[in-house]
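Subject: Structure handover

Hello,

Here is the structure I promised you. Please open it beside this email and follow along.

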Amino acid sequence: HLSQRLLRVASYVPNNARLADIGSDHAYLPAYLGLNNKLAFGIAGEVVEGPYQNAVSEIKKEGLNELVKVRQADGLAAINDDDDIDVITICGMGGPLIREILEKGNLKLVNHPLLILQPNVGEKQVRNWIVANNYRIIAEEILTEDNHIYEIIVARYNESLFELTATDLEFGPFLRKQKNKVFVAKWQAELQKIKYVLEEMKKAKEFPIEQEHKMLTKIKRIEGVLDD
Ligand code: SAM
């Protein structure tokens, strides 16, 4: 019962990974990977009691207790140094929370694990963390499921400098080149939303000119990417 979203995330996990899935809830992702013999070792990390219990029962039900350890901890605190984790997945949360988890847990990243991140919103925050921490985006994907749009960002540590333009940070360096249907739909919807707010603001007697300017700039940027 893995969602298409998590199936796509799973597709980026290398064989024999030592994986930590942070914010695992039901631990469906590590359970799926474990059952398909993709894992050398797994951690399902959860900070909240209810989801932690969900993970415990799922891993037990699937008979994966030896392979996947369920730990109740805040963010990357679920990882111990001797776990030798080489892949971290953080999925189904907002970009700012993913970023905060990576920031708070940066001591757990000294071995530079592969990061597979799936922000529901605020992807820009995630890309900002990536470029600021010597990681490089190696793949991106955007997909829709149950009327939601999801992005997946895969990042690998690299010694050399990796920079992104403001446009890349916002739209995604790979996504804006691929420009698939979901990407176009996402940004067309965003465009409509901004144009609507702008119209409403114009109806009001007073509205801050800087605000209008900001929105016009954003409209231009989105149109630029869509027409590129
Ligand atoms: N990763 C699963 C997925 O993509 O389907 C579950 C996503 S669920 C919406 C987000 C989970 O992250 C919740 O279960 C929540 O308790 C957990 N979470 C939020 N902040 C966390 C943190 N700092 N450390 C660990 N888990 C966290």
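Helix α1 (residues 4-11) lies across β4, β5, β6 and β7 (148-157). Its direction makes about 155° with that of β6. Helices here are DSSP runs of H or I with at least four residues, strands are runs of E with at least two, and both are numbered from the N terminus. Axes are lines fitted to C-alpha atoms, for helices over the stretch in contact, and angles run from 0 to 180 degrees between N-to-C directions. Helix α3 (residues 49-61) packs on the sheet too, touching β2 (39-46) and β3. The directions of α3 and β3 make about 165°.

Two notes before you go further. This is a predicted model: local features need pLDDT of at least 70, side-chain atom pairs count only at pLDDT 80 or more, and totals for chains, interfaces and linings use all residues. Residues are numbered from 1 along each chain as its sequence is written.

The whole protein

The protein has nine helices and seven strands. Its C-alpha trace spans about 65 × 40 × 30 Å along the principal axes. Of its 228 residues, 34% are buried. A residue is buried if 20 or more other C-beta atoms lie within 10 Å of its own, exposed if 12 or fewer, and partly exposed in between, with C-beta atoms placed from the backbone. Take the contacts between residues at least 6 apart in sequence: 68% of them join residues at least 24 apart. Two residues are in contact if their C-beta atoms, placed from the backbone, lie within 7 Å.

The sheet

In what order do the strands of the open sheet run? The order is β3-β2-β1-β4-β5-β7-β6, seven strands with mixed pairing. Two strands pair if DSSP finds at least two bridges between them. The edge strands are β3 (68-72) and β6 (135-145), and each pairs on one side only. From one strand to the next, the twist averages 15°.

Strands of a sheet pair through backbone hydrogen bonds, either parallel or antiparallel. Look for both kinds:

- β4 (residues 87-93) and β5 (residues 114-119) run parallel, joined by six bridges. Met 93 has Pro 119 of β5 as its bridge partner.
- β5 and β7 run antiparallel, joined by three bridges. Leu 115 has Ala 155 of β7 as its bridge partner.
- β6 and β7 pair in the antiparallel sense over 10 bridges. Arg 136 has Arg 156 of β7 as its bridge partner.

β6 and β7 also form a hairpin, with two residues between them. In that turn, Asp 146 has a positive phi of about 50°.

Helix against helix

α1 and α2 pack at an angle of about 55°, with axes 10 Å apart. In α1, Leu 6, Val 9 and Ala 10 meet Tyr 28, Leu 29, Tyr 32 and Leu 33 of α2. By class, this contact has seven nonpolar, no polar and no charged residues. Ala, Val, Leu, Ile, Met, Phe, Trp, Tyr, Cys and Pro count as nonpolar, Asp, Glu, Lys and Arg as charged, and the others, Gly among them, as polar.

α4 (residues 95-104) and α5 (residues 123-132) pack at about 25°, with axes 7 Å apart. They are therefore roughly parallel to each other. The α4 side of the contact is Gly 95, Pro 96, Ile 98, Arg 99, Leu 102 and Glu 103. The α5 side is Glu 123, Lys 124, Gln 125, Val 126 and Trp 129. By class, the contact of α4 with α5 has five nonpolar, two polar and four charged residues.

Residues to click on

Most residues other than glycine have a negative phi. Ala 27 is not a glycine, yet its phi is positive, about 60°. Ala 27 is in the loop between β1 (17-22) and α2 (28-35). Is Ala 27 buried or exposed? Ala 27 counts as buried, with 29 C-beta neighbours inside 10 Å.

His 112 also has a positive phi, of about 55°. His 112 lies in the loop between α4 and β5. His 112 is partly exposed, with 14 other C-beta atoms within 10 Å.

Finish with Leu 39 in strand β2. Leu 39 counts as buried, with 22 C-beta neighbours inside 10 Å. Leu 39 and Leu 67 are 28 residues apart in sequence, and 7.8 Å apart in space, C-alpha to C-alpha.

Best wishes

Methods. Angles under 35 degrees count as roughly parallel, over 145 as roughly antiparallel, 65 to 115 as roughly perpendicular and the rest as oblique.
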